[in-house]
Amino acid sequence: MPGADNSGVRRCARCDAAVPLEARWCSLCHAAFEAPYVPPPSPEPVYSRWAGDAVSLGPRARVAWTAGAVLVPVAVVAYVGVIGMFVVVAWLFLAPVVLRDVWRRTRVRPSR
Ligand SMILES: [Zn+2]
């Protein structure tokens, strides 16, 4: 865009005064700018179910949660017996909710 630079200000085409990017006219000579400043488009973000970031689970934690989701009902049936089947049935409804959260996609970084 003509008259725009990367320092947070643009230059008036008429008097070369530095004015804020969002200004619609020059504060010095009052020349109107033909178009509001449009920032360059940000790069497309990259999402991943595998890579973690500072606020989400990393690969090891995700695998551990998944292994636990499988092993807990197996252990319940093995140690509690038939009554444990009720726990397993309840877990069949709960596990997808937990695992969906564990494996949700997180924004990793913007691509280039
Ligand atoms: Zn001006």
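Trainee: Hi! Is arginine 60 buried or exposed?

Mentor: Arginine 60 counts as exposed, because it has 9 C-beta neighbours inside 10 Å. The labels work like this: a residue is buried if 20 or more other C-beta atoms lie within 10 Å of its own, exposed if 12 or fewer, and partly exposed in between, with C-beta atoms placed from the backbone. Keep in mind that this is a predicted model, where local features need pLDDT of at least 70, side-chain atom pairs count only at pLDDT 80 or more, and totals for chains, interfaces and linings use all residues. Residues are numbered from 1 along each chain as its sequence is written.

Trainee: Where is arginine 60 found?

Mentor: Arginine 60 is part of helix H1. Its C-alpha atom is separated by 9.4 Å from that of tryptophan 50, a residue 10 places away along the chain.

Trainee: How many helices and strands does the protein chain have?

Mentor: There are 2 helices and 4 strands in the protein chain. Helices (H or I, at least four residues) and strands (E, at least two) are DSSP runs, numbered from the N terminus. Along the sequence, their pattern reads β-β-β-α-α-β.

Trainee: What is pLDDT, then?

Mentor: It is the predictor's confidence in each residue, from 0 to 100. The protein chain has a mean of 79, and 83% of its residues reach 70 or more.

Trainee: And where is confidence lowest, and where highest?

Mentor: Lowest is strand S4 (residues 106-110), with a mean of 72, and highest is strand S2 (residues 18-20), at 88. Where pLDDT is low, the predicted coordinates should not be read in detail.

Trainee: Back to the helices. At what angle do the axes of H1 and H2 cross?

Mentor: The axes of helix H1 (residues 59-80) and H2 cross at roughly 180 degrees and come within 10 Å. That makes the two helices, H1 and H2, roughly antiparallel. Here axes are lines fitted to C-alpha atoms, for helices over the stretch in contact, and angles run from 0 to 180 degrees between N-to-C directions. Angles under 35 degrees count as roughly parallel, over 145 as roughly antiparallel, 65 to 115 as roughly perpendicular and the rest as oblique.

Trainee: Which residues in H1 and H2 meet?

Mentor: Among them are Trp65, Val72 and Val76 in H1, and Met85, Trp91 and Leu99 in H2. The residues of this contact divide into 15 nonpolar, 2 polar and 1 charged. Ala, Val, Leu, Ile, Met, Phe, Trp, Tyr, Cys and Pro count as nonpolar, Asp, Glu, Lys and Arg as charged, and the others, Gly among them, as polar. Two residues are in contact if their C-beta atoms, placed from the backbone, lie within 7 Å.

Trainee: Of the 19 residues of H2, what is the number buried?

Mentor: The number is 0, so H2 lies largely in the open. Phenylalanine 86, found in helix H2, is exposed, with 11 other C-beta atoms within 10 Å. For the protein chain, buried residues make up 4% of the 112 residues.

Trainee: Where does the kink in helix H2 lie?

Mentor: In helix H2 (residues 84-102), a kink of about 35 degrees lies at phenylalanine 93, shortly before proline 96. The bend at a residue is the angle between axes fitted to the seven residues ending there and the seven starting there.

Trainee: New topic! What is the phi of aspartate 16?

Mentor: Its phi is near 65 degrees, a positive value in a residue other than glycine. Most residues other than glycine have a negative phi. Aspartate 16 is found in the loop between strand S1 (9-11) and S2. Histidine 30, also not a glycine, has a positive phi of about 65 degrees, and its place is in the loop between S2 and S3.
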